[in-house]
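Have the sequence and the 3D view ready, and let us walk through a few places in this fold together.

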Amino acid sequence: MERAYPDMETKHPLPWLNVMVTEPFYFFHILAFFSYFIVRSPASQILSPDFSGRLLRREIQAILAFSVLTIVKLVKEETWEAFIADTLFVAKGFLIAVALALDYHLALCYIVGFLVIYILTQQPAHNGPGSSTQLTPLQLETLLTEGNTTRFWLKFCCWQVEFRASFSSTCIRQSRVFTDLSITYSSKNLSFVTVDLGHFPNAAEKFGISLGVSLAQLPTYILFDKAVEFTRFPPLDTEGKGSSTKITKSILSRHFELDRRLLEYVSAK
């Protein structure tokens, strides 16, 4: 596929083990979870047999419940980013509950620790191979006005991992969806690019996107035809709020008629 800015290729992801070690978000969560075993081992030596038995039953119940919920999330979620986010959230809840059974001071420490992790780190967005290109708003505007006027451009506007606002997690959870679509539907007539409004918040107004939490307009997907907006997702209601519909590959494919556009391109070849 032709690229307008080949120097901005999406990087291939690091091996999963390296990601877990090098990404602060994952690394600090791993340390927090394994710290329980460090605390639990010496504590078992001073606890009464009756209390140790009750604590062990609580731990087994927590592990079984967590395993069931993990399987449910694995089947339910469409992206690994969403699965990891949900799994870590559930795991932290169970860890705090078990720590509370051991000692409320330990539970309080975990609560404070997870708050610190939340403030200092952010779950990284999907950075796997794909056919999308990351542009600045100025590059996109130049591309739309000076590029091939017969070409479609599907633009993805999304906060990225640099911001820890609560709504930015939605973009992180859905970051793989757009990449997967670009692999399937990219052609000479339809190109996929991303614009990070986290770096360029002043550009949001130009594209008619609100960054407010309550309006739920992030991520926003816009299809441009000959430099003019053709359609967008999520659709806005009369109050300017975005749709609460869960973003999936099938929903975006239907909304932007990607299958039809791909068939038209193949037929015209």
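Leaving aside neighbours within four places in sequence, H29 is in contact (heavy atoms within 4.5 Å) with L88, K92, F114 and I117. This is a predicted model, in which local features need pLDDT of at least 70 and side-chain atom pairs count only at pLDDT 80 or more, while totals for chains, interfaces and linings use all residues. Residues are numbered from 1 along each chain as its sequence is written, and side-chain values use heavy atoms, with hydrogens and water left out.

Is H29 buried or exposed? H29 is buried, at a relative accessible area of 3%. Buried means under 20% relative accessible area, exposed means over 50%, and partly exposed lies in between (1.4 Å probe, protein chains only). K73 has a relative accessibility of 22% and counts as partly exposed. Not counting residues up to four places away in sequence, K73 touches F83 and D86. K73 and F83 are 10 residues apart in sequence, and their C-alpha atoms are 6.1 Å apart in space.

Here are the helices that hold these two residues; helices (H or I, at least four residues) and strands (E, at least two) are DSSP runs, numbered from the N terminus.

| Residue | Helix | Helix residues |
|---|---|---|
| H29 | α2 | residues 24-46 |
| K73 | α3 | residues 49-76 |

How do these helices pack? α2 and α3 meet at an angle of about 155 degrees, with their axes 12 Å apart. Axes are lines fitted to C-alpha atoms, for helices over the stretch in contact, and angles run from 0 to 180 degrees between N-to-C directions. The angle makes α2 roughly antiparallel to α3, a label for angles over 145 degrees. Y36, R40 and S44 of α2 make the contact with S52, L55, L56 and E59 of α3.

Now to the strands. β4 (residues 220-225) and β5 (residues 228-233) pair in the antiparallel sense over five bridges; pairing requires that DSSP finds at least two bridges between two strands. They form a hairpin with two residues between them, and K226 in the turn has a positive phi of about 55 degrees. Within this pair, F224 stands opposite E229 in β5.

Technical notes: Angles under 35 degrees count as roughly parallel, over 145 as roughly antiparallel, 65 to 115 as roughly perpendicular and the rest as oblique.
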